[in-house]
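Hi everyone, thanks for making time. Let me put today's structure up on the screen, and then we'll walk through it together.

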Amino acid sequence: MFEMFFFILLAVGTTITAILVIVQRNPVASAIYLIITFFCLAGIYLLLNAQFIAIIQVLVYAGAIMVLFLFVIMLLNLEKEKKIITRHRLQKGVGVFLGVILLAQIGMIFNSVLLEGGKGNFPPEKVAAMGNTEVVARLLFTDFLLPFEITSILLLVAIIGAIVLAKKQI
Amino acid sequence: MVSLSSYLILSAILFSIGVVGFLVRRNTLVIFMSIELMLNGANLAFVAFSRFLNSMDGQIFVFFVMSVAAAEAAVGLAIIMAIYRTKETVNADEMNLMKW
């Protein structure tokens with residue numbers, strides 16, 4: 001009962017702030033609403049018993065990526081757009097229409113097909129007994145070790161790439 | 001008890017809002033934010049399935065998606081800054097050097 005109440009509250013908050021992200025004229029306001037969306041999503045992850053992912057969402061997405069976005073927005077010193085749709089009105093209307101069609105299609109699939117798969121061996125009680133972070137860490141360092149190490153190399157490449165691209169002269 | 005379909009429909013709504021924002025807006029930074037919205041919609045679907053199928057693979061994958069999204073955001077914003085340095089604009093309509 002509480003779960004349904006919190007889910008509806010967080011889901012409505014997520015949807016409204018997500019829509020506000022894409023209709024704001026000021027990019028700083030869009031970034032702030034996106035941060036609020038990430039916080040609502042972290043709450044939904046807590047409802048889904050994924051505490052590690054919820055905290056990582058707040059730390060990485062809302063805390064690092066959005067701060068980087070705000071730095072760049074303020075560095076570029078953009079001004080408010082006068083209107084968010086200036087040219088190609090018909091094409092943008094078709095774009096919105098296609099987005100609605102996409103949502104309808106995905107919604108129909110999710111509502112009609114019985115979405116079941118093979119049940120794994122981590123029921124919520126077992127995960128809660130060991131702690132969510134410990135289970136994730138155990139899997140990351142045993143079964144998923146190769147993607148983990150490759151991710152570290154990927155982050156190194158991203159650091160080098162970002163610095164090279166943003167320098168005035170290489 | 002919230003069913004799996006509710007979480008998946010919320011994930012679809014988030015993804016569609018990201019798609020619409022990507023197609024309609026012309027400010028490159030808002031296009032980037034729509035990409036992050038799409039990624040978060042997919043993350044929500046992963047975590048929802050991980051909970052309802054008693055598996056941890058979804059959460060591990062979300063971990064990797066988040067790290068890749070962080071790397072992509074850093075490199076993409078560096079590209080935007082490099083473009084702004086020469087063209088003084090971030091409007092996607094004005095990046096038409098490759099048009100014939």
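Before anything else, a word on pLDDT: that is the predictor's confidence in each residue, on a scale from 0 to 100. We need it because what you see is a predicted model. For chain A, the mean pLDDT comes out at 88, with 94% of the residues reaching 70 or more. Within that chain, H2(A) has the highest mean of the elements, 95, while helix H5 (residues 124-130) of chain A has the lowest, 79.

Now, how do the two chains meet? Chain A puts 69 residues into the contact, and chain B puts in 59 residues. On the side of chain A that touches chain B, H1, H2, H3, helix H4 (89-112), helix H6 (132-142) and H7 each supply at least two residues. H3(A) provides the largest share of that side, 13 residues.

Next, the largest nonpolar core, which has 66 residues. The top contributor is H2(B), with 13 residues. From chain A, domain 1 (1-80) and domain 2 (121-170) each give at least three.

Which members touch the most others? They are Tyr45(A), Leu44(B), Val47(B) and Ala48(B). Take Tyr45(A): leaving out residues up to four places away in sequence, Tyr45(A) touches Ala50(A), Ile53(A), Ala54(A) and Gln57(A), plus Val47(B) from the partner chain.

Definitions and conventions:
Residues are numbered from 1 along each chain as its sequence is written. Chains are lettered from A and ligands numbered from 1 in the order in which they are written. This is a predicted model: local features need pLDDT of at least 70, side-chain atom pairs count only at pLDDT 80 or more; totals for chains, interfaces and linings use all residues. A nonpolar core is a set of buried Ala, Val, Leu, Ile, Met, Phe, Trp, Tyr and Cys residues joined through C-beta atoms within 7 Å. A residue is buried if 20 or more other C-beta atoms lie within 10 Å of its own, exposed if 12 or fewer, and partly exposed in between; C-beta atoms are placed from the backbone. Helices (H or I, at least four residues) and strands (E, at least two) are DSSP runs, numbered from the N terminus. Domain bounds come from an automatic or database domain assignment. Two residues are in contact if their C-beta atoms, placed from the backbone, lie within 7 Å.
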